[in-house]
Amino acid sequence: MLASSVIASSAADPVPSELLAKNSHVFSFDGGALSGPGWDVMKRETANSQYVLLGEGHDDKLTPIFAESVYRTLHRTYGFDRVALEQDPVAMELACAPERRGDPKAVAALAKRYPTLFEFASDQDLTFIANACAIGRAPNPVWGLEQALGSERYLEELEALAPSPAVKAMVSSVLADVRLVEKTRKDYSKFLHDDPQTQARLEALRSAFAAKPSSRAEFLLRGLVRSAEIFGYDRRAGQGEFVGLFNNTEREVEFKFQFRRQHGEAMKQGGPPKVLFKFGSWHMYRGRSPGTAFTIANHVHELAIFNGGDAYGILILPGETNWADLEAWLKPILPEVKPAQPTLIDLRALRGVQRLFRNLVEKADQGQIRDLMNAFDAIVILPDGPPASWALTGFPKLGG
């Protein structure tokens, strides 16, 4: 029995479970290609899309495999030519170097050389990155939109670019400290996150460099300073300061900055790019995320409209999802039993009657189901599958 706070629906209304069943479509992503009724829906709904956005939970084995299938299929069908990831921008530059394109082992070797450079480094994620680098012909086919993560690699390059022996000595001093604290994946981003003096040291280095605004040195220096600032909000919030919100909001601003930079390069190379995004699900909310930040997804949805097109957002529920642990507010828009096949739920078809689904949950939770149904155009449920594997690098799984 539903609590009294739940609003009753009219007897004349359609039955939500029947609507859900009617708009749930199985599909296949075997062999790197999408097929079946679910793909038919996606093909129709993405025909005018400049951006397709995948919201994931991270470190699932099937999600990157599905993402690669989506990208390959959209590349063949609609000419999608870029991938944007929740990864360090320099990491993606290096992963797409000619000697690594299409070679997961070469990308993994890079990750092992710089353990803090890749935010998500499972076998499946690195394979997706390597293959995405090879699918398109663009000079910069995979965009990292994350704040700087691999400070060692940044500082090595800055050491070579230093304008004077004195500045080079400053860089070398910081680099030596980085190498002491970020030797392993276990100490991921410790340098940029943990020491309250890091931001000031990097700002002093940036000032000493006096690099030109459009230069490579300024790009690297800005990235390090900005990342120390964003990580600093998280550290300071843990110490009791009321700045935790800025870790979310400023991180989304950084995503937008990196997107604008790489989108501008793509425009010079041949016109508006078509981009597949793969980020954590909160970042892929259209509108405001559950973390109260206006997201990169919201930004590109609006940009697509401005450009006369569309964007299409998919929330991925990975194979590891335990149906018994689903939050009550989410259950009305999911099958009662986890599907045995990959399934796409067409939220666009349900959005006009979302009131019927909201009315099935407690009033206090109705905002969550409303926001999700407006944030995403579809939910994709992947079949049961194991967690991601880490054989290519031997890294431990880290929380993301």
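His193 is buried, since its relative accessible area is 18% and the cut-off for buried is under 20%. The model described here is a predicted one. His193 belongs to helix α9, which covers residues 190–194. Leaving out residues up to four places away in sequence, His193 touches Phe231, Asp234 and Arg235. With Asp234 there is a polar contact between the two side chains, at 2.7 Å. Gln262, by comparison, is 69 residues from His193 in sequence, and the C-alpha atoms of the two are 26 Å apart in space.

Gln87 is another buried residue, with a relative accessible area of 3%. Gln87 is placed in the loop between β3 (82–85) and α4 (89–95). What is Gln87 in contact with, leaving aside its neighbours within four places in sequence? The residues are Met92, Phe118, Glu119, Phe120, Ile129, Gly144, Leu145 and Glu146.

The aromatic rings come next. A pair of such rings is described by the distance of the centres and the angle of the planes. With centres required to lie within 6.5 Å, the count comes to eleven aromatic pairs. One of them joins Tyr51 and Phe277: the ring centres are 6.0 Å apart and the planes stand at 80°, so the pair is edge-to-face, the class for angles over 60 degrees. This pair links distant parts of the chain, as Tyr51 lies in strand β2 (residues 49–56) and Phe277 in strand β5 (residues 275–280), 226 residues apart. Tyr51 counts as buried because its relative accessibility is 0%. Phe277 counts as buried at a relative accessibility of 0%.

Tyr233 and Phe246 form a tilted aromatic pair, with 5.5 Å from centre to centre and 55° between the planes. Here the link runs between helix α11 (residues 216–238), which holds Tyr233, and helix α12 (residues 244–270), which holds Phe246; the two residues are 13 apart.

Arg222 lies over the face of Phe257, and the distance to the ring centre is 3.5 Å.

How values were computed
Residues are numbered from 1 along each chain as its sequence is written. This is a predicted model: local features need pLDDT of at least 70, side-chain atom pairs count only at pLDDT 80 or more; totals for chains, interfaces and linings use all residues. Side-chain values use heavy atoms; hydrogens and water are left out. Rings of Phe, Tyr and Trp (its six-membered ring) pair if their centres lie within 6.5 Å; planes under 30 degrees apart count as stacked, over 60 as edge-to-face and the rest as tilted. Helices (H or I, at least four residues) and strands (E, at least two) are DSSP runs, numbered from the N terminus. Buried means under 20% relative accessible area, exposed over 50%, partly exposed in between (1.4 Å probe, protein chains only). A charge sits over a ring if NZ of Lys or CZ of Arg is within 6 Å of the ring centre and within 35 degrees of the ring normal. Contact means heavy atoms within 4.5 Å. A polar contact is a pair of N or O atoms within 3.5 Å; within protein, one must be able to donate a hydrogen and the other to accept it, and residues adjacent in sequence count only if both atoms are side-chain atoms.
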